[in-house]
2 protein chains.
Amino acid sequence: MLTAEIIAIGSELLTPDRADTNSLWLTEKLNAIGIEVKLKTIVGDDDARLEETIKDALRRSRVVITTGGLGPTEDDITRKIAARAMSRRLVLNEAVLDALREKFMRWGRKMPEINTRQAMIIEGAEVLDNPHGSAPGMYLEHEGRSVILLPGPPREMRPMYETHVSARLMAKAGDVRVARRVLRVSGLGESAVDERIAPVYTQYKNPQTTILFNRSEIEIHLTAQGKSEQEAELLLDGLAGQIEERLGDAIFAFRGEQMEEIIGLRLAVNGFTLAVAESCTGGLIAERLTEVPGSSTYFMEGVVTYSNDAKVRLLGVPSDLIAEYGAVSAPVAEAMAEGVRERAGTDFGLSVTGIAGPGGGTEDKPVGLVYIALSDDAHTEHRKLLLPGDRQLIRWRASQAALDLLRRRLI
Amino acid sequence: MLTAEIIAIGSELLTPDRADTNSLWLTEKLNAIGIEVKLKTIVGDDDARLEETIKDALRRSRVVITTGGLGPTEDDITRKIAARAMSRRLVLNEAVLDALREKFMRWGRKMPEINTRQAMIIEGAEVLDNPHGSAPGMYLEHEGRSVILLPGPPREMRPMYETHVSARLMAKAGDVRVARRVLRVSGLGESAVDERIAPVYTQYKNPQTTILFNRSEIEIHLTAQGKSEQEAELLLDGLAGQIEERLGDAIFAFRGEQMEEIIGLRLAVNGFTLAVAESCTGGLIAERLTEVPGSSTYFMEGVVTYSNDAKVRLLGVPSDLIAEYGAVSAPVAEAMAEGVRERAGTDFGLSVTGIAGPGGGTEDKPVGLVYIALSDDAHTEHRKLLLPGDRQLIRWRASQAALDLLRRRLI
């Protein structure tokens with residue numbers, strides 16, 4: 001496989017506040033055409049270190065991609081230093097300068113003199129047009145290496161890569177295509193998942209399988225190589241099918257979809273409607289469901305009943321039920337689900353009540369105790385959960401478990 | 001200032017799914033004691049590239065910190081390669097091995113033979129105890145450089161740094177202390193903020209000022225150096241005070257707090273209560289408010305009235321008001337705020353209705369049109385917003401504007 005290095009340039013990427021995320025996106029794109037990323041460097045506006053970094057990269061890797069440092073200011077040193085590292089001259093390109101001037105005119109401004117710098121092009125480089133900003137990119141072949149200079153802002157970098165770089169690198173990479181697939185799992189622990197599917201996936205070097213634990217979700221990442229996209233996809237189909245046999249409906253998404261998207265799809269297809277009553281999740285379930293475009297066709301209403309009074313008034317939960325069992329209890333969870341469904345007149349009512357902490361726990365009802373309930377016109381069921389984690393994680397896990405309860409009913 | 005490099009080790013950090021976040025945390029800690037991070041490298045389980053990376057770092061920087069690659073498997077090459085890069089031997093440390101065996105015994109397991117590798121220590125290195133995992137860290141002085149090997153998992157790496165590394169590096173860094181402060185701004189654009197405060201902050205090299213644009217929030221990051229923490233903090237106080245004079249109550253947080261924390265504090269201090277009625281934000285405002293521990297003392301209830309029927313039934317919005325002005329309108333926003341306040345019996349009622357897109361917009365009422373309203377027992381007011389961005393961003397910006405409307409009323 002062809003090897004690549006990515007160099008992210010800019011002093012702001014060496015502060016505690018800014019992570020380099022361009023390289024993640026680029027890695028996915030490079031992997032897809034069969035190019036492996038072997039090293040990433042993050043370097044500031046520092047002539048000596050940047051020159052050394054580029055030289056090292058050229059020595060080690062067939063493809064070298066830089067992001068950032070193509071702006072018009074003194075601090076934007078990528079052009080100058082990349083030229084120096086390859087012992088090439090930097091030449092003013094009149095055509096680029098004219099195009100820049102014109103671009104500024106279209107933006108209704110005169111081009112500041114300082115931007116002339118952006119028309120300085122490394123000798124032998126092709127100019128990569130940037131419709132979304134002023135900094136042109138560059139592509140050049142240097143002593144058997146492909147060197148690509150891209151701007152830092154993702155909205156400029158991504159289209160430039162797609163338009164000008166992807167096809168060229170694909171031609172170099174030859175007949176290797178890589179396809180990826182993300183399966184998402186709910187309701188099983190990491191080791192349970194691994195135990196069930198290890199006998200299957202360990203038999204394959206291609207596709208490769210990685211199990212990631214991400215909040216309360218388990219993701220199974222499959223990566224396959226083939227001579228064509230189709231061949232790689234077929235390999236993925238084969239393994240994904242075997243994994244599905246082992247995990248059944250614990251897999252809720254085969255293409256990386258979110259739980260709320262899957263539920264939205266199932267509700268919409270069946271013409272069902274939903275209302276939600278939340279206590280400890282505080283609106284998170286409603287918020288997740290309504291993040292999906294078009295959710296207004298199936299999501300009718302949500303109530304966040306933090307106070308007991310609200311549970312009684314908005315949901316019709318009998319106050320003696322709360323007095324007898326407490327607000328965090330199975331009977332109250334069920335009454336909440338039934339109440340919201342009946343009042344909203346929806347097909348389903350979903351509810352959560354629990355203790356997200358850090359305060360409010362007792363010996364009988366510790367932090368992390370959560371009841372979820374689901375009601376339709378035939379029956380109402382609940383689950384009792386004991387969720388680990390901090391406040392944020394408990395809330396998220398409770399929302400996920402509640403949504404999963406609904407998903408399984410919809411199957 | 002002392003210079004540092006951070007090397008993150010592990011092939012999983014070269015995939016599209018995993019970013020190195022340890023280095024952000026470490027950078028904040030290093031900056032605080034006056035050490036500047038000049039370069040970061042992310043390298044896989046690749047002997048040659050790692051050796052070269054470590055050697056380069058030792059040549060360039062006074063402090064070299066590695067994270068990861070200290071596990072017990074073949075892939076965990078940090079010990080071996082770091083030793084080779086410094087031409088030092090790797091020696092089995094019997095005391096470390098005994099401690100490891102004991103640790104596994106406490107975990108109720110026999111130590112796998114493979115873990116013996118973790119007792120191999122670089123000659124001359126001090127062993128850094130790891131109470132949260134099996135991999136010990138190492139600290140050594142090598143030819144005027146401080147070399148620190150830390151484990152990859154943050155829950156192991158962070159306490160090890162705090163306990164064993166911080167004080168040693170502080171002693172080396174000498175009398176430089178760095179203090180940071182984050183001011184958050186709402187209701188002003190980036191260029192408006194810069195215009196007002198540039199005349200102030202450009203006068204100072206210390207503190208340094210950076211303006212960051214983060215979703216719909218503007219953050220002003222101040223970093224000051226002094227001979228003591230107190231001196232650095234005093235410098236921050238001075239500049240922050242001048243910035244406050246220029247921006248007034250557009251600054252909602254002086255110590256990096258979230259909007260919902262600030263509001264929670266103000267409500268709690270005054271003994272006020274709040275209820276929220278949301279349409280296009282779909283529960284996001286309730287979710288943000290209830291993310292704050294202890295919010296149940298002031299947040300009583302929220303309703304997510306996606307359907308018109310819910311607006312009428314749950315909030316008492318007159319249906320002819322909706323018919324006349326539409327659900328996304330100032331009169332409906334005000335009726336929602338009043339309705340939720342009256343029914344919940346709270347001091348404040350806050351509401352949002354709008355079009356988050358991508359569908360549902362018209363020429364008269366485009367995507368991004370949002371009305372927010374706030375009601376107390378004296379009066380009700382609304383704001384009309386035209387928010388740019390995609391669905392997620394419009395929802396977030398609407399929630400922020402609504403919370404900010406409440407914050408200003410609470411001042």
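How many bridges join strand 9 (residues 177-185) of chain A to strand 11 (residues 217-226) of chain A, and in which sense do the two strands run? There are 9 bridges between these strands, which run antiparallel; here two strands pair if DSSP finds at least two bridges between them, and helices (H or I, at least four residues) and strands (E, at least two) are DSSP runs, numbered from the N terminus. Within this pairing, Arg180(A) stands opposite Thr223(A) in strand 11 of chain A. Strand 9 of chain A also pairs in the antiparallel sense with strand 12 (residues 251-253) of chain A, over 2 bridges, and there Val185(A) has Ile251(A) as its bridge partner.

This is a predicted model, in which local features need pLDDT of at least 70 and side-chain atom pairs count only at pLDDT 80 or more, while totals for chains, interfaces and linings use all residues. Residues are numbered from 1 along each chain as its sequence is written, and chains are lettered from A and ligands numbered from 1 in the order in which they are written.

In chain B, an open sheet of 4 strands has the order 10-11-9-12, with antiparallel pairing. Strand 10 (208-214) and strand 12 (251-253) of chain B each have a single partner strand and stand at the edges, so one side of each is left without a neighbour in the sheet. Neighbouring strands of this sheet are turned on average by 35° against each other, direction ignored. Strand 9 (residues 177-185) of chain B pairs with strand 12 of chain B over 2 bridges in the antiparallel sense, with Arg184(B) standing opposite Ala253(B). Helix 7 of chain B packs on this sheet, touching strand 9, strand 11 (217-226) and strand 12 of chain B, and its direction makes about 20° with that of strand 9 of chain B; two residues are in contact if their C-beta atoms, placed from the backbone, lie within 7 Å.

Helix 7 (residues 229-247) of chain B also packs with helix 6 (residues 190-201) of chain B, at an angle of about 145° and with the axes 9 Å apart; axes are lines fitted to C-alpha atoms, for helices over the stretch in contact, and angles run from 0 to 180 degrees between N-to-C directions. Among the residues that meet here are Val193(B) and Ile197(B) from helix 6 of chain B, and Leu239(B) and Ile243(B) from helix 7 of chain B. By class, this contact has 7 nonpolar, 1 polar and 2 charged residues, where Ala, Val, Leu, Ile, Met, Phe, Trp, Tyr, Cys and Pro count as nonpolar, Asp, Glu, Lys and Arg as charged, and the others, Gly among them, as polar.

Strand 2 (residues 35-43) of chain A is joined to strand 2 of chain B by 5 bridges, and the two run antiparallel, with Leu39(A) opposite Val43(B). Within chain A, 5 bridges join strand 3 to strand 8, which run parallel, and Thr67(A) has Leu150(A) as its bridge partner.

Helix 3 (residues 78-85) of chain A has 6 of its 8 residues buried, so it is largely enclosed by the rest of the structure; a residue is buried if 20 or more other C-beta atoms lie within 10 Å of its own, exposed if 12 or fewer, and partly exposed in between, with C-beta atoms placed from the backbone. The buried residues of helix 3 of chain A pack against several elements of chain A, including strand 3 (63-67) and strand 8 (145-150).

The chains also pair through strand 14 (residues 299-305) of chain A and strand 14 of chain B, which run antiparallel and are joined by 5 bridges, with Glu301(A) opposite Thr305(B). Strand 14 of chain B is mostly covered, with 7 of its 7 residues buried. The contact as a whole takes 49 residues from chain B and 49 residues from chain A.
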